[in-house]
Amino acid sequence: MALPLPPALSDTIVALSTPPGAGAIAMLRLSGPEAIAMADAVFAGKQLQNQPSHTLHFGTIRDGGRILDEVVVSLFRGPNSYTREDVVEISCHGSDYIVEQILTLLTRRGARLAEAGEFTKRAFLHGAFDLAQAEAVADLIAADSALSHQVALQQMRGGFSQELRDLRGRLVQFAALLELELDFGEEDVEFADRTGLVKLLNEVQTLVRRLLRSFELGNVIKNGVTTVIAGRPNAGKSTLLNALLNEERAIVSAVAGTTRDLIEDEVSIEGIRFRFVDTAGLRDTADVVESIGVERTKKRVTQAALLIYLFDITTTTPQELEAEIEALNPGRTIPVLAVGNKLDVASDPEIEAFRNQPDVLLIAAARGDGLDELREALLQKVRGEGLDRTGQSTIVTNLRHARSLEQTNQALDAVLLGIEAGTGTELLAADLRQALAALGEITGEISSDDLLTSIFTQFCIGK
């Protein structure tokens, strides 16, 4: 159902919806009750007021007797438009001067320059989609990998929202029975079966916790995985970086300490962005510049989402490997993948020393041996339990959603503890209302002006 439209959003707005800067084509968008009339006032071609929705019209934009540009106008009549208002889109040549002149002309006719995300905000307020779907629009625009695109598209089409509505609907039924008990409080009756409520709460909480666990993966899909490659000098870190990127990004040399600063680049592996960071070799050194590089390496490790500890099979024992990883990453607080390099030149005893070591992968970076297995191991470290390879699982990618789910989980905990302790209906109902409110905030069934402002100001102008 559409929400009441605030007076400030009932005027007609205009903005450039394509990126600023010179290009072949630019597109300006008008939305609001006077959109068609304003466009008609400056468009020389067919009378737009008399044309059907979802049609294109060629003509010119004129400021009095002066032609500004030849354009194609797209006409969308509400409610069958993105904002569910009358919308006119003007496709002109992508000159900054032309865009500025047309925007100035339309604002003189009474249009207001749109705020960030205002078109999508109007679509939400008119009930075109819920708040979670609206946020997915921004995620879709920002998607820079196949998987982030797929997850955003699924959320925009309502997959996540439907799951939340199902959860909320199940809780509402029991909440209504608890409210009914409050109405008949003096008669000391129970309409809500407590055993059934406990079963329902456990089922809902299982789903909520699954969604919460998916946020770690969702954050990775949305923002990428910072993966630091660390190890001793000459372990082959730069060779590995070049092999993973499939280009000569880092200088490779037999001279120890060649890499003295951080070298970073990104690659997508099955839709997940990995930002690999090649680092200075870890060793005690009197070289001032190299020492700075070593310190930067240690600091960057603490900021990593994943650590590849690369070691030379021919010069490292299993005991040394364990000690080096522990010194760099005490308690393994950061997920670690130990990778033994130079498989192509190692002797059989050197290889066998690591063959059966858990969580150790053996490769030959210079020849490319074992790189497919390394990529798969990286994906497994990131995926955990939360992702099927098609990207069809519901995955939480938004921090606001995760916080609301955490509040829901806490409120459900309180209801379960209350039932176990024999708490009165009034307190149980209050905790259940809190759970429903937290779920409702995700989709916008419960929202405030401050929340909407915070969300939509993160959008680009023109969307």
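**A walk across the sheet**

Start in β13: Val360 there is the bridge partner of Ala338. This is a predicted model, where local features need pLDDT of at least 70, side-chain atom pairs count only at pLDDT 80 or more, and totals for chains, interfaces and linings use all residues. Residues are numbered from 1 along each chain as its sequence is written, and side-chain values use heavy atoms, without hydrogens and water.

Select 336-341 next. This is β12, which pairs with β13 in the parallel sense over 3 bridges. Two strands count as paired if DSSP finds at least two bridges between them. Strands are DSSP runs of E, at least two residues; helices are runs of H or I, at least four; both are numbered from the N terminus.

Now show the whole sheet. It is open, with 6 strands in the order β9-β10-β8-β11-β12-β13 and mixed pairing. β9 (263-269) and β13 (360-362) are the edges; each has a single partner strand, so one side of each lacks a neighbour in the sheet.

Move to β11, residues 306-312. What share of this strand is buried? 7 of the 7 residues are, so β11 is largely enclosed by the rest of the structure. Buried means under 20% relative accessible area, with a 1.4 Å probe and protein chains only. Colour one face: Leu306, Ile308, Leu310 and Asp312. Leu307, Tyr309 and Phe311 lie on the other.

Look to both neighbours. β8 (225-230) runs parallel to β11, joined by 4 bridges; Thr227 stands opposite Leu306. β12 is also parallel to β11, with 6 bridges. Here Leu310 has Val339 as its bridge partner.

Methods: Buried means under 20% relative accessible area, exposed over 50%, partly exposed in between (1.4 Å probe, protein chains only).
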